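Here is a structure to read alongside some questions. Please look it over before going on.

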Amino acid sequence: MHQIADWLEKLGMSEYARLFAENRIDFSVLPDLTDQDLEKLGVVLGDRRKMLRAIANLDDKSPGVAPEPVLSSAQSTTAPTAAAKAVGERRYLTVMFCDLVGSTSISAQLDAEEWRDLVGAYLDAASAAVTEMGGYVAKKLGDGLMALFGYPVAQENDAERAARAALSIQRALAEVNRKNAAAGKPALNARIGIEIGPVVIDAAGEIYGDPPNVSARVQALAEPGTVVVTARVQRQIAGLFVAEERGSHELKGVPEPLTLYRLVRASGGGRRARQRHLTALIGREEEIAMLMRRWERARQGDGQLVLIVGEPGLGKSRLIEEFHARLREAAHTWVEWSCLQLLQNTPLHPIAEWGRQRFGGPDVPAERQRADLENSLAQVKLDPAENVPLLAPLLDIPLPKERALTLAPEELRRRQLAALTAWLMAGARSQPIVLALEDLHWADPTTLEVLRGIAERGALVPLFVLATARPEFRAPWGMRSHHGTISLAPLDRTQVRDMVAELSARHALSKEVVEDVAVRTGGVPLFVEEVTRLLLERGEQGGTQAIPPTLQQSLTARLDRLGSAREVAQIGAVVGRDFSYYLLREIAGIGDAPLQSALEKLADADILLVQGLPPASDYRFKHALIQDAAYENLLKSRRQALHRRAGEVLRDQFATAAAAEPALLAHHFTQAGLTEAAIEWWGTAGQRSLARSALVEAGEQLKRALDQIATLPATPALRREEIKLEVAFANALALTGDLVGGKEHYDRALAIYDPAEHRLLTTRSGRDVGVTLLSFRSSCVWQLGYPAASRNDAERAVKNARETGHPTTLMYALNRAAISYTFCGDYTAAHAQIDELIALADEKGKALGTLVRGRLFSLTGNAADAVRAITSGITSLRSTGATLYEPWHLWHLAMAYTELGQPEDARRCLDDAIEKVARSNEKWCEAEVHRIAGEIALKSPQPEAAKAETYFERALSVARQQQAKSWELRAAMSMARLWRSQGKSQQARELLAPVYTWFTEGFDTLDLKEANALLAELA
Ligand SMILES: Nc1ncnc2c1ncn2[C@@H]1O[C@H](COP(=O)(O)OP(=O)(O)O)[C@@H](O)[C@H]1O
Ligand SMILES: [Mg+2]
């Protein structure tokens, strides 16, 4: 009890300490307190708000502790990454485990010091191999070693790096052994295992998750001297290494057996082998046309350079390939220099790699390669004696010692580069050259130097330079008139749809799923391919939500490259796909200067799209995948804190936005684990959707509110909320045609409704809940085929409404009772309700009354009055923004127009009604609309029996599917009358009889009496 007093004192509200003590309020109930509770206790409004806010800030586990700021950087403007590091993060990590075989038996044969040196040499070599490949040695355990790739910084080819490092350790060890063998020392053999997967890494670098364990176990299964990887790793590196399948293995602590692969060696030069394309080219006609035009000019001797710019996966390389394919038989020399991330600090690596391919590499004897080079130089009239010693080293062609040049390194390099450029220019003069430069963002500085020379001097020869780069690349050459740029745009919706359709071939994916793919991938072809592939593997139920493992690393790598801007991306990812500068600033608690620079960086890296200038700017993640990746990297606890902050900031400082998007707040509070707030906002969102006739959304939102309520212990306040939500949810279900579900929830609400306790409880539109509940249920049960129960509910509702003495409630009950009586065909009783209603009513009530009256007129042959009443009722209702029930009014209007001999008007109203049912999902009346359409088709000047039959079929099938027995009975009667007129009486009886005999009550109502009479005629 002391604590509560302290807490209140801290809030500056000690005056309530006694009150709280008297009411036995301690920390355990604080989180359950609602605004109403506090009001009952007599806490004034301002203090209630302060208290609720403070309660929301309580840390559930340590109530005594003063609330901490949500973000450690909340008040400061220091670099935000420190905060993230301090708590840890989630990552997709490649783990390599390396261990010596039989070390105990070897060490036993050796002197301890000798053993130490031997192991030391091996560990040094292994660590060097790991570090060289950009890995991180996390642990050395005796003679074992655990290395990580993807931490502290991810790169897009972590798995490939790990595999290369592993092979290189084995090679190094073989080397150590060869040396030691000469000295008579025993050989060392290592096993290596690699696994990749999601982990959590805490601030101290401690790893939580399976990959370390799995890689250790995989290592133990490897043969001495080999490298074994899991199928998951193999998927990421397939095509780069020669691998042998090693079958499926059960591993301790791993539920599913894993398929393992032994890596034999790297295949080829480390460039991704040209794959067969998954899809035919989509779009890009303009880009290709532009390339072809430029190529024509280059061919004429007017050299050209085109830089294709775009984020990863947008189709830069594909565009080059498509261009290549279109060159056909045109004489040209194709030279391709590809920059590799792994080698971005190796001078001229793209040229060396090309040289190896062009001249055959180590498999071809050195003399042959030199002769080949001499020959090609002579062909373009360059002096071999002078140029071979300069060029051979660049092309990785061995040169005998005596021919190596002895120049100062600077001078040598200068002359080498000049020779290379001269050779290219001369080559182009003898036959047009296409020089394809891939991925310039990874070019080493020396290569860039060469390219600068070519870019500036290539205008006068038939040379077409075609380069690709990511947006962050800054060309080191000045823009010239013979230079052009293509900024690739993402595919548009239609193109994504075409691409998915092609990828999924025989599997027809639903329209929603395809739409989802388009949204999530932002039209990046690579993402479209990967997301669709995952979808096909996992099935549509798996959803489009998961991030394909093949993209995990590259997405994380993109985020890691952002440095401190990464945290801003993560906070943005919690806020949502779209956010404003103001909102982000409040949530992040970062100062303007660092925040703006971070956002600029994110825009430059093509991660965010920006509109406007800060602070009046808005942002959107270019594709949801990167947003998801940023979100995934956050620890769950931190996500929770950020969601909470987002919800609170929206609620307290962005009231307009909050009112417009209550579901957004509900989402944040749900993710933050603040159940009460989540219930409140899901409820608000659901009621709001219901009011705007967004019935499906309303149903989902209300269900979420109810699901959350179910997780809490019942309190009176919660019970009150629950009743209201149940009624609203039941309405949403009943209106969308789920009558059975609707009835279930009306019943559930009634079961917890206690007249004594809930008498004064009103709905959001200010009506008594108990009366509302009965009124709604009355329509629902009539449709389900219980007319007597329907009348009973309606009567009870009116009686209870009178007792409340509450005009709004009474008007409502009368309106709904009139509906129920109309359904039952008791038009006199219905008119009586309306008379009483109109006497009481305000404007809206009068409009409602007029509509019920108008519908009654149309049913009783008073067509002219019906048209007048319904048209005026619709007009005044529309002016209040209400669109619910319009199909219902419209089909009655259509009936009246038919009666008046205005078939065109009738047709128009019906089409409108049918369209509205489909669009608003107001499906409760779908069967009846179709039945009426059929009846009207029969009444047209040229009766259309076939058309009517189709409508009746539809009405029957909808009614059956909804178990709406009363609508089914009406549809069956309409069909039976049609068939009887066609002489098919027996068929008519067989249709109608079972529907009629299903009924157990309401035999005095109009429909059942008519059905009975009709059956007698058919007998
Ligand atoms: N216009 C397109 N139509 C069909 N597939 C495409 C298209 N553009 C790219 N792709 C496919 O998307 C993937 C990524 O394209 P790629 O050219 O490698 O991207 P980048 O070089 O920009 O990183 C490849 O599999 C490619 O075949
Ligand atoms: Mg590429």
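What follows is a short exchange on this predicted model.

Reader: What should I know about the numbering and the model?
Author: Residues count from 1 along each chain as its sequence is written, while chains are lettered from A and ligands numbered from 1 in the order in which they are written. The model is predicted, local features need pLDDT of at least 70, side-chain atom pairs count only at pLDDT 80 or more, totals for chains, interfaces and linings use all residues, and side-chain values use heavy atoms, with hydrogens and water left out.

Reader: How many residues surround ligand 1, and which are the closest?
Author: A residue is near a molecule if one of its heavy atoms lies within 4 Å of it. The shell around ligand 1 holds 18 residues, and the closest are I282, G313, K316, S317 and R318.

Reader: Which classes of residue make up the shell around ligand 1?
Author: Ala, Val, Leu, Ile, Met, Phe, Trp, Tyr, Cys and Pro count as nonpolar, Asp, Glu, Lys and Arg as charged, and the others, Gly among them, as polar. On this basis the shell has eight nonpolar, five polar and five charged residues.

Reader: Which helices each supply at least two residues of that shell?
Author: Helices (H or I, at least four residues) and strands (E, at least two) are DSSP runs, numbered from the N terminus. Those that each supply at least two shell residues are α12 (316-327) and α20 (525-538).

Reader: What distance separates an oxygen atom of ligand 1 from the side chain of S317?
Author: A polar contact is a pair of N or O atoms within 3.5 Å; within protein, one must be able to donate a hydrogen and the other to accept it, and residues adjacent in sequence count only if both atoms are side-chain atoms. A ligand oxygen is 2.8 Å from a polar backbone atom of K316, and one is 2.8 Å from a polar backbone atom of R318. For an N or O atom in the side chain of S317, the distance to an oxygen of ligand 1 is 2.7 Å.

Reader: Which residue is the bridge partner of S338 in β11?
Author: β10 runs parallel to β11 (residues 433-438), and six bridges join them. Within β11, S338 is partnered by E438.

Reader: Where is P615, and what is omega of the bond that joins P614 and P615?
Author: Most peptide bonds are trans. P615 lies in the loop between β15 and β16. The bond joining P614 and P615 is cis, with omega about 5 degrees.

Reader: What is phi of R284?
Author: Most residues other than glycine have a negative phi. R284 sits in the loop between β8 (258-266) and α11 (285-299). Its phi is positive, near 65 degrees.

Technical notes. Pairing = 2+ DSSP bridges.
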